[in-house]
Amino acid sequence: MCPIVNQCEAQIQNNSSTREIESLKNSQNPGSSARLEELMEENSRLKYRFNILNRALQEERTRCGHSMLNISQRLQEIFGLAIRTSYPELENPPLALAPNQQPKFGDYQCNSAMAMAQMLKAKGMKANPREIAERIIRNLPDNELIQKTEIAGPGFINIHLKRAFVSKLLSKLLIKGVTPPPLTSRKRVVVDFSSPNIAKEMHVGHLRSTIIGDSMSRLFEFLGHDVLRLNHVGDWGTQFGMLIAHLQDKFPDYLTVSPPISDLQGFYKESKKRFDEDDGFKKRAYQCVVKLQSKEPDFIKAWNLICDVSRQEFQKIYDCLDIKLIERGESYYQDLMTQVVKEAEDRGFAQLDEGRKIIFAPGQSLPLTIVKSDGGYTYDTSDLAAIHQRLFEEKADIIIYVTDSGQSSHFQVVFAAAQMLGWYDPKVTRVEHAGFGVVLGEDKKKFKTRSGDTVRLMDLLGEGLKRSMDKLKEKERDKVLSPDELVKAQRAVAFGCIKYADLSHNRINDYVFSFDKMLDDRGNTAAYLLYAFTRIRSIARLANINEATLRKEAESTEILLDHEKEWKLGKCILRFPEVLQKIQDDLLLHSLCDYVYELATTFTEFYDSCYCVEKDRQTGEVVKVNMWRMLLCDATAAIMAQCFHILGLNPVERM
């Protein structure tokens with residue numbers, strides 16, 4: 001928090017005069033009036049000083065004015081100071097402030113008075129919520145954004161914003177661009193997502209982790225943090241002995257001639273069949289594992305060949321979905337695993353259990369197996385080594401694991417063990433598992449092909465491309481767009497709809513995958529939003545106004561917000577930083593989808609009620625342009641574009 005705010009709060013906390021004034025007012029002692037007068041004078045001086053400090057705070061904000069203002073956060077600061085000034089005797093008084101659900105009663109509402117009344121009663125003090133609300137309002141500091149306040153019901157404080165201030169914020173947005181809220185400190189953020197297994201094709205089960213993890217990374221990047229996007233692929237273990245043994249048999253010259261393994265999934269199935277049915281092959285596969293783990297050159301080359309084939313296939317999917325990742329598979333942490341096991345043993349946390357070495361973390365009923373009975377390492381060892389590396393080498397402040405919810409208990413134990421080993425303090429370092437539900441078919445069962453196989457992700461993306469082109473042709477866009485524009489629109493709709501359908505659902509829940517619903521251009525879908533964005537962008541073209549003209553007009557044209565739909569749209573645009581703050585806290589990206597959909601529908605209400613461009617009915621020529629409304633259109637499109645970027649959607653100018 002700003003030092004000026006801290007200075008203000010310290011003076012308020014040290015001020016005992018408020019309580020003494022109340023006591024003296026109720027006193028019958030004749031000598032109390034002189035003391036009362038003295039204290040009231042002291043209180044006036046303190047309030048004067050408080051207002052000076054508050055103005056200094058506002059000036060400080062102006063100097064740091066490149067960032068978008070979080071209106072809700074600013075109101076919380078103002079009301080927080082007023083509450084603490086009014087009732088310094090309350091420790092951690094509640095601060096409940098939210099947008100008002102009924103615009104006729106104001107723009108925001110503070111609902112702290114009722115809870116404060118309960119706290120005061122618990123201290124044996126008489127408390128009426130409306131009187132508490134009145135005192136809070138009396139102690140509101142001078143500020144730049146509140147027009148007026150009103151008390152409603154038992155003690156709700158309705159807050160009306162200054163329209164001129166909102167107008168200035170919108171102008172600033174257009175001049176400075178869509179910028180993130182102020183950053184108190186830049187964090188090192190590690191996001192672990194996607195995580196397919198080498199030698200296996202990516203399937204629909206990898207879809208959610210890839211999409212959600214990419215969007216979370218984009219969010220933290222936009223906010224200004226240093227983000228490391230990690231792909232923790234399964235590239236080590238027993239299955240590689242099986243694959244290498246099969247490679248040696250099928251392509252004995254693999255060391256000199258690159259083997260033509262195009263169907264790695266088929267290759268994996270062949271080797272697995274032999275492993276399950278042929279004891280001699282199984283024995284040789286285990287020997288290959290030992291030689292691989294000993295890093296014998298021929299076996300490392302075979303391993304690299306298999307990994308490279310997989311990477312090429314993974315990359316096709318990542319290119320389609322515009323995903324950027326750094327691969328660090330389980331193999332990356334092999335040497336560190338030995339160190340982690342040794343630390344656990346040296347510090348007395350490891351114990352033997354039927355030949356295994358295990359760790360029990362406090363509060364956890366299941367242990368981690370860090371060494372198997374045959375001396376090999378496990379997923380538990382790998383994940384402990386990974387979190388150790390991220391904490392101590394990457395110096396991560398935030399680590400987020402994006403995997404299905406079925407792994408939540410595993411990560412809970414890993415995190416507890418890491419804390420037990422003293423690797424991090426959860427009060428300082430945020431380590432979190434962002435779990436998600438499964439993808440269901442329209443029959444509400446786990447999403448599979450008609451034959452019962454897992455759906456290949458590449459097939460799914462191909463089907464999306466086909467269906468989006470069919471939809472565009474159904475709307476006769478192929479007659480309007482050039483071939484290049486049509487392909488861009490096809491990819492934007494196909495991949496945007498697949499991503500948005502996932503992100504618009506609460507990630508914790510399962511969701512039904514339906515191409516028909518996601519390609520519908522009505523309702524909260526990417527198709528609707530992409531078309532809406534294109535229409536908003538087309539308004540300036542209709543008025544023959546280019547971007548340079550809009551930038552220039554933003555510096556000189558006041559954005560009037562007299563019409564109720566202008567006011568509603570202006571406030572909705574400026575809620576963007578509030579939404580980002582919420583998502584940063586809870587990692588639930590559907591809130592951003594809900595917001596951008598609300599913004600699009602609010603814009604439609606505005607555009608239907610407020611003309612922006614007036615045409616001659618006979619000639620069709622533009623005869624009048626309302627510039628401040630054009631600026632509102634531009635601000636809406638700018639915020640939508642940034643939302644799309646965080647969600648990983650790629651809008652096109654023409655669709």
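**Exercise 1. How many residues of domain 1 are in contact with residues of domain 4?**

Start with the bounds, which come from an automatic or database domain assignment. Domain 1 covers 90-161 and domain 4 covers 463-647. Next, contact means heavy atoms within 4.5 Å. With that cut-off, four residues of domain 1 are in contact with four residues of domain 4. Finally, look at the centres: taken over C-alpha atoms, those of domain 1 and domain 4 are separated by 36 Å.

Before you go on, keep in mind that this is a predicted model, where local features need pLDDT of at least 70, side-chain atom pairs count only at pLDDT 80 or more, and totals for chains, interfaces and linings use all residues. Residues are numbered from 1 along each chain as its sequence is written, and side-chain values use heavy atoms, with hydrogens and water left out.

**Exercise 2. Work out the strand order of the open five-stranded sheet, and find its edges.**

First, what's a strand? Helices (H or I, at least four residues) and strands (E, at least two) are DSSP runs, numbered from the N terminus. Two strands pair if DSSP finds at least two bridges between them.

Step by step, the order comes out as S7-S6-S5-S11-S12, with parallel pairing. S7 (326-327) and S12 (430-433) are the edge strands, since each pairs on one side only.

S5 (residues 188-192) and S6 (residues 226-231) are joined by five bridges, and Val 190 has Leu 228 as its bridge partner in S6. Between S11 and S12 there are four bridges, with Ile 400 standing opposite Glu 432.

Last, what lies across the sheet? Helix H8 (residues 204-222) lies across S5, S6, S11 (398-401) and S12, at about 165° to S6. That angle is between N-to-C directions, on a scale from 0 to 180 degrees, using axes fitted to C-alpha atoms (for helices, over the stretch in contact).

**Exercise 3. Which side chains of S12 are buried?**

You need the cut-offs: buried means under 20% relative accessible area, exposed over 50%, and partly exposed in between (1.4 Å probe, protein chains only). Then go along the strand. Val 431 and His 433 point to one face and are buried.

**Exercise 4. Is Gln 490 buried or exposed?**

Find Gln 490 in helix H17 (residues 483-503). Its relative accessible area is 13%, so Gln 490 is buried. Now list the neighbours, skipping residues up to four places away in sequence: Gln 490 touches Leu 465, Lys 466, Ser 468, Met 469 and Leu 472.
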